[in-house]
Every structure is written in C-alpha cells, then in structure tokens.
Amino acid sequence: MARAMARGWRDPVLCSDSGSGRAAALVAELGGRAASNLEVAEGADLVVLCHKPAQLSAVAGELAGQVSAVASVLGGTPVAALQAAYPGVPVFRLLPNTPVEVRRGIVCYSPAPDVDPELERDVITRFERLGWVVTLPERLIDAAAAVMSVGPAYQALVAEAQVDAGVRYGLAPELASRLVIETMAGSAELLAARDYDTLTVRREVTSPGGSTARGLDALERAGLRSAFQAAIDRVCEARV
C-alpha cells in the first residue's frame with residue numbers, strides 16, 4: 001500500500017523500511033531519500049504509517065517525541081489504539097485501496113475526536129489526490145473494507161473468470177483480457193453516469209428472454225450473490 005500511495009502522489013519520498021530494500025526502490029523510482037524511522041519523523045510534518053499492525057507499539061516507541069502528526073493505513077487498528085500509541089499527537093485513521101496508485105482509489109476516513117479542523121483539511125486534501133475520500137463512523141470501517149479494500153482482488157478474479165470462459169470458446173487470451181477489462185472500465189463509467197443505479201444499467205442491456213437474460217440467470221443459479229455475501233462475512237469475521 002505504501003508503494004501504491006507513493007506512486008499515486010507522484011512526489012519525491014522520505015521513507016523507511018525494516019530492511020526489505022523497498023524504501024530504496026521507491027526512491028530510485030520517484031526520487032527523495034530513504035531514511036530511518038526516526039529521520040522520517042524528524043523531517044516530515046505528517047508520518048504515514050504503513051507497517052504491520054503488530055508493530056504499532058514498537059514503531060511508536062522509535063518516533064516518540066519527534067512525530068508531529070500521524071496518518072495510519074493499518075488494517076484493524078482503531079483510532080483509540082493509535083491515540084494510545086501516540087499520546088498527544090493528532091492521529092488520522094484512513095483505509096485506502098490499491099487503485100490509489102492510478103488516482104482512482106477509495107480512501108475511507110474515520111475521524112478522531114478533537115482534531116484541529118485546519119490540520120484535518122490539510123490531511124484530507126493530500127489523500128484526495130489519490131481518489132475519493134469518504135468519511136465514515138469507525139463502526140462501519142470493517143464493512144467498508146470488506147467491500148472496497150479487498151475489492152480490486154475480487155474484480156481481478158471476476159475478470160479472470162470471464163477471460164478463461166472466453167478463451168474456452170476460442171478467443172486469444174490477450175484479446176479476451178482486453179475485451180473484459182475495457183468492458184469493466186466502461187461499465188464503471190456508465191454506472192457512475194447513471195448515479196450508481198445498477199438495476200437501470202442491467203435493464204438497459206437485458207431484453208426479455210435474450211442472451212443477457214440467460215447469462216444473468218446462469219450467474220444467479222450459480223450463486224453469484226451468495227458467494228459475495230459469504231466473502232464479506234468471512235472478511236468481517238476475520239476483523240472481529
């Protein structure tokens with residue numbers, strides 16, 4: 001996620017890692033400087049946490065007394081835990097998905113209490129460069145994550161299944177991939193133009209007894225809706 005956000009911002013980076021070499025790779029790609037955690041905290045007006053959730057206390061201990069403000073994209077890490085790790089420091093809990101890399105992401109934001117409005121506006125403006133920032137109460141973050149955070153993987157799987165089906169009927173894989181993905185992209189724009197009214201878009205394509213109707217019936221009989229419901233149940237259960 002750190003790499004996706006950095007690529008979306010397209011600015012030189014001041015970043016650190018745990019020895020993986022990813023910070024140096026980002027610097028080679030985008031410019032900037034790889035540094036230690038402490039050097040990042042000393043040189044940045046906002047530190048974006050992208051480490052593993054289990055490392056929260058350890059990283060906070062390294063940054064103690066040096067960090068000005070913290071934006072966390074850590075999964076399963078509530079505002080209260082961030083405030084406990086960074087007492088007296090403004091914290092922001094955000095949850096992006098990987099399309100932030102191409103500035104078409106979604107970033108869910110759960111406000112912490114008593115944050116300075118001007119600082120909050122500055123942080124939100126930075127993340128708005130990556131896509132749509134939606135403000136949600138923290139109790140809805142897990143449900144949102146089970147839709148948008150994992151969504152790119154689901155969309156990729158749906159595309160892959162359609163490509164494989166087309167290949168079985170003789171389409172070249174490269175052609176089938178482009179047909180499917182361009183159709184997905186165009187359909188997303190069409191749904192947005194129709195105010196996200198999925199039923200309207202389906203009806204515009206589906207004539208009674210036609211090929212689309214037969215295909216939709218096959219998907220319903222195969223349990224498409226129940227599969228997605230089961231997926232969100234599994235993701236939300238894992239976050240409890």
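## Salt bridges across the chain

A salt bridge here is a side-chain nitrogen of Lys or Arg within 4 Å of a carboxyl oxygen of Asp or Glu. Side chains of opposite charge can pair when their charged atoms come close. The structure holds 10 salt bridges, and one of them joins the side chains of Asp-11 and Arg-129, with 3.0 Å from N to O. This pair links distant parts of the chain, 118 residues apart: Asp-11 is in the loop between helix 1 (2-9) and strand 1 (13-15), and Arg-129 is in the loop between helix 6 (117-128) and strand 7 (131-135). Helices (H or I, at least four residues) and strands (E, at least two) are DSSP runs, numbered from the N terminus.

How covered are these two partners? Buried means under 20% relative accessible area, exposed over 50%, and partly exposed in between (1.4 Å probe, protein chains only). Asp-11 counts as partly exposed because its relative accessibility is 32%, and Arg-129 is partly exposed too, with a relative accessible area of 34%.

## About the model

This is a predicted model, in which local features need pLDDT of at least 70 and side-chain atom pairs count only at pLDDT 80 or more, while totals for chains, interfaces and linings use all residues. Residues are numbered from 1 along each chain as its sequence is written, and side-chain values use heavy atoms, with hydrogens and water left out.

Let's turn to strand 5. All 6 of the 6 residues of this strand (residues 91-96) are buried, so strand 5 is largely enclosed by the rest of the structure. Both of its faces are covered: Val-91, Arg-93 and Leu-95 lie on one side, and Phe-92, Leu-94 and Pro-96 on the other.

Two strands pair if DSSP finds at least two bridges between them. Strand 5 pairs with strand 4 (residues 70-72) in the parallel sense over 3 bridges, with Val-91 as the bridge partner of Val-70. From strand 4 the chain passes through helix 5 (residues 79-85) to strand 5 in a right-handed β-α-β crossover. Right-handed means that, with the strands pointing away from the viewer, the path from the first strand over the helix to the second runs clockwise.

Strand 5 also pairs with strand 6 (residues 105-110), in the antiparallel sense and over 4 bridges. Here Pro-96 has Val-107 as its bridge partner, and Leu-94 has Tyr-109.

## From strand 6 to strand 7

Strand 6 is mostly covered, with 5 of its 6 residues buried. Strand 6 runs parallel to strand 7, joined by 5 bridges, and Ile-106 stands opposite Trp-132 in strand 7. The chain crosses from strand 6 to strand 7 through helix 6, and this β-α-β crossover is right-handed.

Which residue forms a salt bridge with Arg-93? The partner is Glu-138, and the closest N and O atoms are 2.8 Å apart. This pair links distant parts of the chain, 45 residues apart, with Glu-138 in the loop between strand 7 and helix 7 (141-149) and Arg-93 in strand 5. Glu-138 is partly exposed at 30% relative accessibility, whereas Arg-93 is buried at 8%.

## Another pair and a network

Arg-225 and Glu-220 form a salt bridge with their closest N and O atoms 2.9 Å apart. Arg-225 is exposed, with a relative accessible area of 54%, and Glu-220 is partly exposed at 40% relative accessibility. Elsewhere, salt bridges that share partners join Arg-7, Glu-29 and Glu-101 into one network.
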